[in-house]
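I hope they are handy as you look through it.

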Amino acid sequence: MVSVRLENITKLFDNVLAVDRVSLEIEKGEFFFLLGPSGCGKTTLLRLIAGFYHSESGRILFDDRDMTQVPPNERNTGMVFQNYALWPHMTVRQNVEYGLNMRKVPADDRRARVNQALEMVQMEAYDQRSSNQLSGGQQQRVALARALVVEPDVVLLDEPLSNLDARLRLEMREQIQRLHQNIGITMIYVTHDQKEALAMANRMAVMRGGQVMQVGTPRDLYNQPSNRFVADFIGEINLIPGVVADIGDLVRIETPLGTLQGRTRYADLQKGDHVNCAIRPEALEFLEGEPGDGENVVSGQIRHVVYLGDLEQYIVDLVDGTQVKLVEHNALSQKANPGDGVRIRFSPSSVMVLSDREKA
């Protein structure tokens, strides 16, 4: 178990800048996620850590050991690939044993370690089957066992659940989390699935265009995004543009809908700055039976209603033409119908004021 530190890492493919001066610190035993859309550089960064690629600049350190020029087979990492990469002509046991054979581990030790790894992923009963006799979830467990059996310092997982159906993904999430809790090893996990990252990560880095946009816990990134891109990528968000009118304990924003109040993380926000008021759908609520305008109250008309069992979504056209989404959890009855005029309220504490001066 080691810490992993990236210092100003840059990677080019021909003239394409895949990773742009990335610096990160991943703690010992941490379950760390690299999250972002396709092409953001997250898998390239993982392969740089594994040693499959070499960077144009910067350093990669495991604890205080500089691994930048160390070949992959000497880094003591375990890799779990998106397509599992199991040998089809080998049994489950032979696939898991492969890395130990390459390391010339003695037979008795090899047997014991394979048994332990298969037991960890609950695949000991399948050890004589070939990989093409296994389901996708079972293959993924074997790939995990193969990564863990070599007793790596770091486990690297490249979108390991993307080929599984929704139910299997949930089961494997829990399996991987339990494994991490039990063995406490440093894990770095690449995904584009926001819910996966929110549910599993200790901390995560959101990437875009080869750069890290923000690093933090799932709760921090969801509740305190640093810019519009992070707010929009981590969950759903409603954005209402405006201009800063006053700054105090709360920020007052003049918008086409009237004056709104919210909170901000920017110490250098100034009057006159163009901003976006970012509000999560679950923070909006219908205002019923109360006269007057009140604080952070806007009017609109229901465009569409979607019932999803555990929640109900309302798409609302506000009076200035802005469209927002409101979510009701555990809705026992429908609150409004398409065409209904409604008033919506949201607390100032739920409004994140995002500056347009930040890179979007």
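1. A word on terms before we start: a residue is called buried under 20% relative accessible area, exposed over 50%, and partly exposed in between. By that scale Phe 13, with a relative accessible area of 32%, is partly exposed. Please keep in mind that this is a predicted model.

2. Now the overall picture. The protein chain has 8 helices and 20 strands, and its C-alpha atoms fill a box of roughly 80 × 45 × 35 Å along the principal axes. Of its 360 residues, 52% count as buried. Taking contacts between residues at least 6 apart in sequence, 67% join residues at least 24 apart.

3. Which rings are worth a look? The count comes to 8 aromatic pairs. One of them joins Phe 13 and Tyr 53, whose ring centres are 5.2 Å apart; their planes stand at 75°, so this pair is edge-to-face. Phe 13 belongs to strand S1 (residues 4-13), while Tyr 53 sits in the loop between helix H1 (42-50) and strand S4 (57-62), so the pair ties together parts that are 40 residues apart in sequence. Tyr 53 is partly exposed too, at 27% relative accessibility.

4. Another pair to view is Phe 286 with Tyr 314: the ring centres are 5.0 Å apart and the planes are at 85°, so it is edge-to-face. Here strand meets strand, with Phe 286 in S15 (residues 285-286) and Tyr 314 in S17 (residues 311-318), so the pair links parts that are 28 residues apart in sequence. Are these two residues, Phe 286 and Tyr 314, buried or exposed? Both are buried, whereas Phe 13 and Tyr 53 are partly exposed.

5. Do also have a look at Phe 31, Phe 33 and Tyr 189, which form one aromatic cluster.

6. Finally, charges over rings. The charged end of Lys 11 sits over the ring of Phe 13, 5.1 Å from the ring centre, so to speak of Phe 13 is also to speak of its pairing with Tyr 53. Elsewhere, Arg 280 places its charged end over the ring of Tyr 222, 4.0 Å from the centre of that ring.

Definitions and conventions: Residues numbered from 1 in each chain as written. Predicted model: local features only at pLDDT ≥ 70, side-chain atom pairs only at ≥ 80, totals over all residues. Heavy atoms only, no water. Helix = DSSP H or I, 4+ residues; strand = E, 2+ residues; numbered from the N terminus. Buried < 20%, exposed > 50% of the residue type's maximum accessible area, 1.4 Å probe, protein only. Contact = heavy atoms within 4.5 Å. Phe/Tyr/Trp six-rings, centres within 6.5 Å; stacked < 30°, edge-to-face > 60°. Lys NZ or Arg CZ within 6 Å of the ring centre and 35° of its normal.
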